[in-house]
Amino acid sequence: ANTTLYRHGILMNISNPKIYLFFLVFLPQFVPVNSDAVAWHIGLLGGLFIVVTFLVFSAIAYAGGALQQRLINQPQIQQLLSRVVGVIFILLAISLLQ
């Protein structure tokens, strides 16, 4: 199941046009103007972005998994979280009415 989710996530990221737009629009701003190695600079910045993104998302996934293991056996906390989410949705609905 985990490999299926991983493959699904990779496929979603590859097919996301916002990623390509980010690399085409944002990264060239950080390449020196008179550089002869534009492709190398873009590749380096893109690689750095990939590494940092992987580390951050891995930390979030690890923390989420650890939190899930703690919360899955505590129905009181699950009920509290459900109520908090319900209140948030009600407040969002009220803000849409205005």
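The radius of gyration is taken here over C-alpha atoms, and the globule rule I compare it with is 2.2 Å times the number of residues to the power 0.38.

Entry 1, overall form. I am working with a predicted model, and I began with its dimensions: a compact globule of 98 residues would have a radius of gyration near 13 Å, whereas this chain has 21 Å. Along the principal axes, I find that the C-alpha atoms fill a box of roughly 60 × 40 × 20 Å. For the secondary structure I noted 4 helices and 0 strands, with the elements running α-α-α-α from the N terminus on.

I looked up the accessible surface of the chain, which comes to about 8700 Å², with 73% of it belonging to carbon and sulfur atoms. Of the 98 residues, 4% count as buried.

I then turned to a nonpolar surface patch of about 760 Å², made by Tyr 6, Ile 10, Ile 14, Tyr 20, Leu 21, Leu 24 and Val 25. The elements that give two or more residues to this patch are helix H1 (2-14) and H2, and H2 gives the most, with 4 residues.

Where does Ser 35 lie? I found Ser 35 in the loop between helix H2 (17-25) and helix H3 (38-71). Is Ser 35 buried or exposed? I record Ser 35 as buried, because its relative accessibility is 18% and the cut-off for buried is under 20%. I also noted that a polar contact of 3.4 Å joins the side chains of Ser 35 and His 41.

Conventions. Residues numbered from 1 in each chain as written. Predicted model: local features only at pLDDT ≥ 70, side-chain atom pairs only at ≥ 80, totals over all residues. Heavy atoms only, no water. Buried < 20%, exposed > 50% of the residue type's maximum accessible area, 1.4 Å probe, protein only. Polar contact = N/O pair within 3.5 Å; in protein donor to acceptor, adjacent residues only side chain to side chain. Patch = residues over 30% accessible without salt bridge, like charges linked within 9 Å, V, L, I, M, F, W, Y side chains within 5 Å. Areas by Shrake-Rupley, 256 points an atom, 1.4 Å probe, with all protein chains shown as cover. Salt bridge = Lys/Arg side-chain N within 4 Å of Asp/Glu carboxyl O.
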